[in-house]
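Subject: Handing over the structure

Hi there,

Here is the structure I promised to pass on.

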Amino acid sequence: MSHIRTAREMYGVQGMSDQRADEDPPPEGGHGHHPPTADQDQLPSMRGHAIFAMDQDGFVTSWNDRAEDINGFTGDEIIGRHCSVLYPRERVAAHYPEWELSQAARAGLYMDQSWRVRNDGSRFWASVAITAQRSNDGGLVGFIALTRDDTEARARHQRSTRRFTDLFDLAPVGIGLFDESDRILHANGALCELLGYRLEELHGTAGVKLLHPDDNEGAVVPTPPAPDSPGNGSLGRQRVLARSDGEPVTCNVHSAVSMEDSGARFWQVVFQDVTEEHRRAAELHHQATHDELTGLPNRSGIHEHLEGELGVRAEGQIAVLFCDLDNFKRINDSLGHEAGDELLVALARRLKSGLPDSCTVGRLFGDEFLVVCSNLDTAGGLEQLATNVSELMDTPLVVREQTVWLTASIGAAVVERADTTSHDLVRFADAAMFEAKARSPGGIEKASEEVIVSTNRQVQAEGELREAIGNDRLTLHYQPIVAEDGTITMAEALLRWSHPELGLVGPSVILSVAEQGNLLRELDRSVLRMALREAATWPLVRGRPIRIAVNFGGLLPDDPYFAEIVSRIIAESGIDRERVVLEVVETSLSDLPDRGREDMVELARGGVRFAIDDFGTAYSSLKRLKELPVQLIKIDRGFVTGTEDDPADLAIVRAIVDMARGLDCGCVAEGVETVPQLRRLVDLGVDTFQGFLFSHPQTATAFRSMLASSGAVPLPES
């Protein structure tokens with residue numbers, strides 16, 4: 001048998017019956033024979049394997065000790081018998097043993113995993129490698145078989161696989177297994193339910209066929225990663241799938257590439273349905289960017305749209321028209337707010353339908369509309385567009401069977417520089433609208449260079465004021481409010497701003513900058529905090545504390561957090577609540593909602609007092625005034641000045657004083673400057689007085705000294 005490669009020669013062992021198969025065999029010696037047809041790199045390690053040889057017909061010719069341990073046959077019991085005794089009966093009946101040997105003879109090596117039978121009839125799961133043995137001339141002379149008992153390994157694998165299968169089937173999110181060509185290999189029940197298909201309908205379907213027409217990102221599975229990184233996955237992406245009925249389904253899609261035992265790649269793809277969340281987010285975004293009354297884009301929506309247009313359009317093609325209705329308050333007052341709302345809705349509908357597709361109409365606030373044109377050429381140019389908008393807004397409208405005539409002042413601004421922002425355009429157009437309204441209501445004005453420069457100065461001033469508020473660079477002066485004998489009973493806090501270039505700036509300039517910069521609410525909070533902290537340390541006057549009055553222009557009772565903010569600042573300052581007087585103008589109370597009134601009542605019950613500032617200068621409802629917890633009425637200086645020589649002003653002041661007494665309110669006359677004015681006011685029954693006749697506004701230090709010295713101001717000589 002020198003011409004045959006025996007198992008002893010192939011594996012380099014000296015005595016197969018003496019060498020344990022779980023020991024590593026020594027390297028193969030150089031026998032000068034041709035290697036087997038099979039690539040020996042494919043052979044498993046012999047550690048733990050049964051090793052036996054067969055002739056070309058499959059009869060066992062040798063048997064090692066490990067084969068006896070695994071199969072239960074001794075060498076004497078098995079040698080000479082056909083290898084089919086090691087197979088289950090059904091496999092033998094199907095001639096499977098002969099087929100395996102034929103495969104090994106054809107390819108040189110055959111590897112398999114299947115059931116095998118022991119001598120006692122029990123089965124075990126075997127990993128098998130069969131190699132063909134050939135003579136030097138290539139003739140088949142036999143086989144060598146390596147068998148390993150993998151029963152426990154298979155059971156562990158099945159348990160692991162079962163856990164994966166259970167998780168796959170029970171997962172509440174859709175899971176699909178895709179091959180590298182983007183076709184579905186398998187899908188769980190959740191994915192079938194999500195898309196409305198049966199499993200057999202999904203099997204083999206290309207992933208792109210599951211996508212909605214709105215989704216044009218290509219295949220479901222991403223480009224496979226490099227071969228050396230089989231575990232890499234993709235970050236979550238949002239894709240739009242289509243149900244079997246065509247309805248879109250928005251999903252967050254997460255994918256990871258994996259590998260089968262055979263080495264073939266496949267993708268595990270998880271589909272999380274976020275359609276409802278996406279819908280709610282879209283609704284919230286729409287609510288945040290659109291006006292509830294008209295459905296038009298609001299300020300946020302306009303800026304969002306305009307920023308998008310600025311990113312793609314050239315200079316000279318984008319324009320903004322700021323439109324403000326003239327005397328709209330008159331319509332609200334005469335027809336009512338509901339009719340006014342109907343009018344705004346009708347006007348919004350007319351603008352939207354009457355302008356070209358290149359125009360977007362928005363409503364900023366109240367009776368302010370904005371038109372954004374993204375292509376002036378298609379709109380006929382700026383002048384033609386402005387004329388069209390003016391005509392649309394000037395046409396009469398019928399509201400509740402009444403014909404209403406409207407006019408609008410329009411300011412226009414065009415993008416002329418690449419660095420122009422949406423906020424710049426709206427500001428320029430807004431400033432131009434004020435120019436148009438000042439010249440003649442119902443006119444049209446384009447933002448000039450002077451307007452743009454002025455607007456930019458306003459923006460700079462807003463930034464400086466915001467910084468001054470944040471860094472406590474504002475100061476307060478205090479003007480005494482005195483009784484008839486000159487005793488100080490209260491002081492009004494008056495705002496000052498020490499500007500680095502303009503010097504000491506008064507309230508009129510500060511409030512103008514704050515109003516245009518939407519800083520009034522923040523400014524009010526800052527002033528209230530400073531005033532109360534200072535007043536909390538004032539000395540008593542004749543054993544009595546001095547009240548502090550603070551004007552409000554932005555933080556008003558209609559603010560949902562009004563009571564909370566005021567209460568917190570009072571608590572932080574440590575001042576007695578009964579010393580706090582909050583001044584508001586009467587126009588801010590005319591349309592006060594019930595919640596605002598409740599907040600005022602709540603604060604008043606705690607001791608806070610409310611004063612109506614500049615009373616008589618605007619329309620207000622006396623019935624509404626009666627319902628509010630107002631304890632103080634301040635008579636406007638315009639009426640006070642006229643008490644000397646104007647019978648009408650004198651009559652108005654007398655009426656205000658009588659009304660204040662009827663409402664159990666105190667009365668303060670503002671702007672008292674002469675002795676005759678003081679005498680008339682005293683005769684009319686005014687309680688307290690404020691004005692230059694008694695004292696100019698004092699710095700915090702000077703006012704404290706005034707309180708500490710006498711607590712009174714010297715009365716002018718009669």
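One definition before anything else: a residue is called buried when its relative accessible area is under 20%, exposed when that area is over 50%, and partly exposed in between (1.4 Å probe, protein chains only).

Please keep in mind that this is a predicted model, in which local features need pLDDT of at least 70, side-chain atom pairs count only at pLDDT 80 or more, and totals for chains, interfaces and linings use all residues. Residues are numbered from 1 along each chain as its sequence is written, and side-chain values use heavy atoms, with hydrogens and water left out.

**Overall picture**

The protein has 718 residues, and 46% of them are buried. Its secondary structure comes to 24 helices and 27 strands; helices (H or I, at least four residues) and strands (E, at least two) are DSSP runs, numbered from the N terminus. Contact here means heavy atoms within 4.5 Å. Of the contacts between residues at least 6 apart in sequence, 59% join residues at least 24 apart.

The predictor's confidence in each residue is its pLDDT, from 0 to 100. The mean pLDDT is 83, with 86% of the residues at 70 or more. Residues 1-44 stay under 50, and the model has 79 contacts beyond four places in sequence for them. Another stretch with pLDDT below 50 is residues 226-231, with nine contacts beyond near neighbours in sequence. Where pLDDT is low, the predicted coordinates should not be read in detail.

**The nonpolar cores**

A nonpolar core is a set of buried Ala, Val, Leu, Ile, Met, Phe, Trp, Tyr and Cys residues joined through side-chain atoms within 4.5 Å. Which members of the largest core touch the most other members? They are Ile548 and Phe552, in a core of 81 residues. Helix H17 gives the largest share of this core, eight residues. Beyond its neighbours within four places in sequence, Phe552 is in contact with Asp524, Leu528, Phe562, Val566, Leu582, Glu583 and Val584. There is also a second, separate core of 35 residues, with Leu347, Ala379, Leu385 and Ala386 among them.

Helix H12 (residues 337-354) and helix H13 (residues 382-394) pack with their axes 10 Å apart, at an angle of about 145°. Axes are lines fitted to C-alpha atoms, for helices over the stretch in contact, and angles run from 0 to 180 degrees between N-to-C directions. H12 passes H13 in a right-handed crossing. A crossing is right-handed if the near helix is turned clockwise from the far one by less than a right angle, and left-handed if anticlockwise. On the H12 side the contact is made by Leu347, Arg350, Leu351 and Gly354, and on the H13 side by Val389, Leu392 and Met393. These residues divide into five nonpolar, one polar and one charged, where Ala, Val, Leu, Ile, Met, Phe, Trp, Tyr, Cys and Pro count as nonpolar, Asp, Glu, Lys and Arg as charged, and the others, Gly among them, as polar.

**Some residues to look up**

Start with helix H15 (residues 449-470), where you will find Ile469 and Ala468. Ala468 counts as buried because its relative accessibility is 2%; leaving aside neighbours within four places in sequence, Ala468 is in contact with Arg473, Leu474 and Trp497. Ile469, at 7%, is buried too. With residues up to four places away not counted, Ile469 touches Leu474, Glu522, Leu523 and Ser526. The C-alpha atoms of Ile469 and Glu522 are 8.0 Å apart, although 53 residues separate the two in sequence.

Thr688 lies in strand E26 (residues 688-689) and is buried, with a relative accessible area of 12%. Its contacts, not counting residues up to four places away, are Ile481, Val482, Ala483, Thr489, Cys667, Val668 and Ala669.

Ser705, in helix H24 (residues 700-709), is partly exposed, at 42%. Its C-alpha atom is 9.4 Å from that of Pro539, 166 residues away along the chain.

Finally, two residues other than glycine have a positive phi. Asn327, with a phi of about 55°, is in the loop between strand E11 (319-325) and helix H11 (328-335), and is exposed at 55% relative accessibility. Arg542, whose phi is near 55°, is in the loop between helix H17 (520-535) and strand E21 (547-551); Arg542 is exposed as well, at 56%.

Enjoy exploring, and write back whenever you like!

Best wishes
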